[in-house]
Amino acid sequence: MILALDSSTPWLSMALASSKEIFFHLTHYTQKDHSRWLIKHLSLLQKEFNWEEELEAVLVGLGPGSFTGVKIANIVAKGIAYSLEKPLGGFPTLEAIAHQVPTSLAQDYEILLPVIKHKRKEIFWMELQPWFQKSFPSPEIQAGSKEEMAKKYRNRKVLVITPWQEIADFLKGESLSVFPPQQSLPEALRLIELYWWRNNQVVISRENIFTLVPFYGSKVWG
């Protein structure tokens with residue numbers, strides 16, 4: 001059984017699953033109230049499932065995104081892993097967003113471009129190959145304005161994946177293909193699926209509790 005958390009964006013997401021069954025999966029828009037809802041959902045899990053004894057590992061979305069949002073899930077994930085003596089691992093939230101695209105559709109594009117909104121008209125994105133789930137480590141996170149991104153990828157066979165409708169509308173207007181925003185949420189369940197995809201390559205360890213560094217705000221490289 002694996003527990004996954006992500007609060008890097010205005011959407012808070014949690015999942016609890018094994019390789020055979022999904023026990024709990026929730027993603028909802030909280031804006032800035034992540035900590036209250038996160039504790040509330042964890043309390044619900046404690047009442048409904050015997051997950052503490054059966055837990056194998058904890059996964060967390062590493063951002064980038066809101067400084068406070070990224071920090072909340074990472075602190076809670078490290079605290080759970082430490083107190084229960086379980087290994088910890090994480091993936092960029094951008095990869096969780098990109099993993100929403102069906103593989104049958106992804107292979108029609110040269111590059112997948114998951115996008116996260118940040119303050120001051122800045123966005124973050126990654127250049128991912130269609131079968132990125134099989135690769136590790138993750139590509140470099142890039143930052144800039146949506147205008148810069150549009151100019152860089154115009155006339156290329158790319159697919160943008162973002163939950164922000166205004167970003168999707170702008171990039172679509174710049175002739176970039178866009179995956180539906182309502183299907184592009186940063187779901188914690190995708191972190192668990194990525195872990196299964198890369199089970200032989202991902203470093204999940206107790207040491208990560210002390211060394212795993214999220215992508216905080218504009219400091220996209222940790």
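Ala, Val, Leu, Ile, Met, Phe, Trp, Tyr, Cys and Pro count here as nonpolar, Asp, Glu, Lys and Arg as charged, and the others, Gly among them, as polar. The close-ups below come from a predicted model.

**View 1. The second largest pocket and its lining.** This pocket has a volume of about 290 Å³. Its lining is made up of 20 residues. Nearest the centre lie Leu62, Gly90, Phe136, Ser138 and Phe215. By class, the lining splits into 15 nonpolar, 4 polar and 1 charged residues. Strand S5, residues 88-91, gives the most to this lining. The strand's share is 3 residues.

**View 2. Leucine 3 in the largest nonpolar core.** The core holds 71 residues. Leu3 and Met149 touch the most other members. In soluble globular proteins, nonpolar side chains tend to be buried together. Which residues are in contact with leucine 3, leaving aside its neighbours within four places in sequence? Ala15, Leu16, Leu42, Leu45 and Trp51 are among them.

**View 3. Tryptophan 11 and tyrosine 29, an edge-to-face pair.** The structure holds 5 aromatic pairs. In one of them, the ring centres of tryptophan 11 and tyrosine 29 lie 5.4 Å apart. Their planes stand at 75°, so the pair counts as edge-to-face. Tryptophan 11 sits in strand S2, residues 11-17. Tyrosine 29 belongs to strand S3, residues 22-29. The pair links distant parts of the chain, 18 residues apart. Are the two partners buried or partly exposed? Tryptophan 11 has a relative accessible area of 11%, so it is buried. Tyrosine 29 reaches 48% relative accessibility, so it counts as partly exposed.

**View 4. Tryptophan 11 and tryptophan 164, an edge-to-face pair.** Here the ring centres of tryptophan 11 and tryptophan 164 are 5.2 Å apart. The planes meet at 80°, so this pair is edge-to-face. Tryptophan 11 lies in strand S2. Tryptophan 164 is in the loop between strand S9 (158-161) and helix H7 (165-173). The pair therefore ties together parts that are 153 residues apart in sequence. Tryptophan 164 has 9% relative accessibility, so it counts as buried.

**View 5. The ring cluster.** Ring pairs link Trp11, Tyr29 and Trp164 into a cluster. Trp11 takes part in the pair with Tyr29 and in the pair with Trp164.

Note on methods. Residues numbered from 1 in each chain as written. Predicted model: local features only at pLDDT ≥ 70, side-chain atom pairs only at ≥ 80, totals over all residues. Heavy atoms only, no water. 1 Å grid on protein atoms, 1.4 Å probe; cavity = no way out; pocket = protein on both sides within 12 Å on 5 of 7 lines; lining within 4 Å. Points joined across faces, edges and corners; volume = space filled by probe spheres on them. Helix = DSSP H or I, 4+ residues; strand = E, 2+ residues; numbered from the N terminus. Core = buried A, V, L, I, M, F, W, Y, C linked by side-chain atoms within 4.5 Å. Buried < 20%, exposed > 50% of the residue type's maximum accessible area, 1.4 Å probe, protein only. Contact = heavy atoms within 4.5 Å. Phe/Tyr/Trp six-rings, centres within 6.5 Å; stacked < 30°, edge-to-face > 60°.
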